[in-house]
Amino acid sequence: MHHDTSLIDIVAVGLALAFVLGAVAHRLRLSPLVGYLLAGVIVGPFTPGFVADQDIANQLAEIGVMLLMFGVGLHFSLDDLLEVKWIAIPGALAQIALATLLGMALAWAMGWAPLHGFVFGLALSVASTVVLLRAMEQRRLLDTRRGRIAVGWLIVEDLVMVLALVLLPALGGMLGEGGVRPDDITFGAILAALGLTLFKVALFVAVMLLVGRRVIPWTLEKVAGTGSRELFTLAVLAIALGVAFGSATLFGVSFALGAFFAGTLLNESELSHKAASDSLPLRDAFAVLFFVSVGMLFHPRILLEHPWQVLGTLAIIVLGKSVLAYWIVRAFRHPPSTALTISVSLAQIGEFSFILAGLGVSLQILPPTGRDLVLAGALLSIIVNPLLFAWLDRRQARQAALEETPVAPEPPPGPALVPGNHAIIVGFGRVGSELAVVLHERGVNVLVIDNDKDHIERAHAVGLPAIRGNAASDRVLAEAHPESASIAILAIPQPLEAGETIAKLRAINPALPVLARAHSDAEVRHLLAHGADGTVMAERELAYSLAEMVMATPPYRYAGRGGAAVPPV
């Protein structure tokens with residue numbers, strides 16, 4: 001093959017390796033991010049064997065950053081932040097400031113310039129959204145007071161990092177190696193550079209609020225009206241990437257900020273859930289390529305040449321940030337269990353750290369060694385974080401056993417479930433919500449399980465008890481009490497998740513009747529093989545219903561009774 005296939009090489013080999021190593025990491029109860037990063041290390045220039053094209057990988061990573069930031073904006077919730085603002089805002093800001101100072105102290109010990117230390121410390125101060133939310137979800141903590149504080153804390157960290165992505169290029173232009181000479185730098189010049197950047201950002205925000213807030217939802221409504229799923233998905237991606245590209249081209253704003261702002265504007269639209277679900281597969285694919293490209297930049301030699309610096313970086317992430325977060329939460333008079341949960345959940349770094357480190361190196365305000373230390377710290381902290389949570393779970397279990405009067409767990413929000421002869425409905429989307437409401441109106445004791453926060457709130461609004469989480473999770477199923485349920489209905493369109501859930505329901509209660517939703521004969525066979533008693537194929541049932549309606553019309557009214565159709569006179 002004589003033509004260049006560098007793009008195909010990195011997509012095919014990178015995704016294949018990421019899948020294999022991500023599956024291994026998941027099997028070892030680690031975050032799949034570890035597998036994605038290791039896949040990048042394997043195809044990178046610092047390990048033998050296949051070497052992917054770094055320039056193409058960086059461009060794919062840039063698309064991944066835009067889609068990641070678009071997803072952050074799409075799920076940004078100001079209500080979640082305002083609910084815990086009195087601890088999340090000051091607590092997160094204090095923790096970021098102190099963790100940055102710890103990073104600067106380590107950088108000073110390594111002989112780095114103060115600006116290099118600032119960028120390095122800032123990259124160590126922010127936790128991974130993916131890792132934190134997954135850990136909270138697995139432990140059924142997202143809807144508790146502890147979970148809401150952690151999520152609000154994370155939102156503040158994300159907003160600070162978005163602001164940093166805006167301001168660092170201005171600082172880099174003034175103070176980087178390619179910028180103004182140190183003798184020519186004045187405080188006024190720095191303020192002028194930052195002021196110009198903030199003016200461009202303000203102009204961009206004003207244009208988006210005046211024009212984008214009207215144009216983007218209107219465009220999506222018109223496209224959704226066509227009934228074409230392909231056009232709708234294309235419109236969502238065009239908005240995400242188009243706003244990011246336009247913000248950089250016209251206003252000099254980073255791709256990341258443009259994509260984040262596009263997501264926040266789209267979040268206000270009634271079609272935001274459909275936009276999120278339609279863009280999720282492509283976002284996930286490019287996010288994996290982003291982590292693979294980050295792994296390609298990691299030089300494993302850093303572990304041998306600078307072991308003490310790596311340990312120091314890991315200590316700041318796992319110990320320094322945790323201790324700071326613990327005492328900050330305790331200072332706001334929250335119990336030790338809440339402080340420990342939040343401190344452990346923040347004892348890792350991830351996506352924003354990679355973005356900041358890459359930006360710092362490109363602006364020459366962070367040495368490549370700093371990026372390697374950030375990557376090493378991220379890999380090790382993501383590996384250590386599940387071990388910390390396992391320790392915390394054991395500690396809390398021992399304390400609960402020693403308590404003479406055990407403290408009751410925090411009740412979940414919404415109506416309480418009365419276990420016994422209840423119907424478990426997994427999924428509160430278009431199908432599940434209609435089914436749940438109909439059964440509820442007919443006097444059936446209904447319990448809803450769904451992974452989407454807004455779906456849970458809608459279920460609570462109509463008076464239904466609902467559990468937020470993945471139905472395949474053992475903790476979620478235990479809370480649903482399938483051992484005393486009368487029936488379970490899987491109304492989700494994901495057959496793999498439904499099959500796993502059915503198998504677990506069968507293991508808990510072999511006599512429980514289970515019905516499931518399917519969209520093809522293959523899905524029907526898969527669900528029946530995992531223990532479903534019956535399935536409903538939506539397309540087939542729709543066809544039967546339409547056929548009945550057709551046969552009820554005058555031209556065909558008597559054809560179904562054995563006679564010939566009588567044409568109208």
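Me: Is Phe 291 buried or exposed, and on what grounds?

Reply: Buried means under 20% relative accessible area, exposed over 50%, and partly exposed in between, with a 1.4 Å probe and protein chains only. Phe 291 has 3% relative accessibility and therefore counts as buried. Phe 354, at 5%, counts as buried. The model is predicted, so local features need pLDDT of at least 70, side-chain atom pairs count only at pLDDT 80 or more, and totals for chains, interfaces and linings use all residues. Residues are numbered from 1 along each chain as its sequence is written, and side-chain values use heavy atoms, with hydrogens and water left out.

Me: How many aromatic pairs does the structure hold?

Reply: A pair of aromatic rings is described by the distance of the centres and the angle of the planes. Rings of Phe, Tyr and Trp (its six-membered ring) pair if their centres lie within 6.5 Å; planes under 30 degrees apart count as stacked, over 60 as edge-to-face and the rest as tilted. The structure holds six such pairs. In one of them, the centres of Phe 291 and Phe 354 are 6.1 Å apart and the planes stand at 85°, so the pair is edge-to-face.

Me: Which parts of the chain does this pair link?

Reply: Helices are DSSP runs of H or I with at least four residues, numbered from the N terminus. Phe 291 belongs to helix α12 (residues 272-296) and Phe 354 to helix α16 (residues 351-362), 63 residues apart, and the pair links these distant parts of the chain. Ring pairs also join Tyr 36, Phe 290, Phe 291 and Phe 354 into a cluster.

Note on methods
Helix = DSSP H or I, 4+ residues; strand = E, 2+ residues; numbered from the N terminus.
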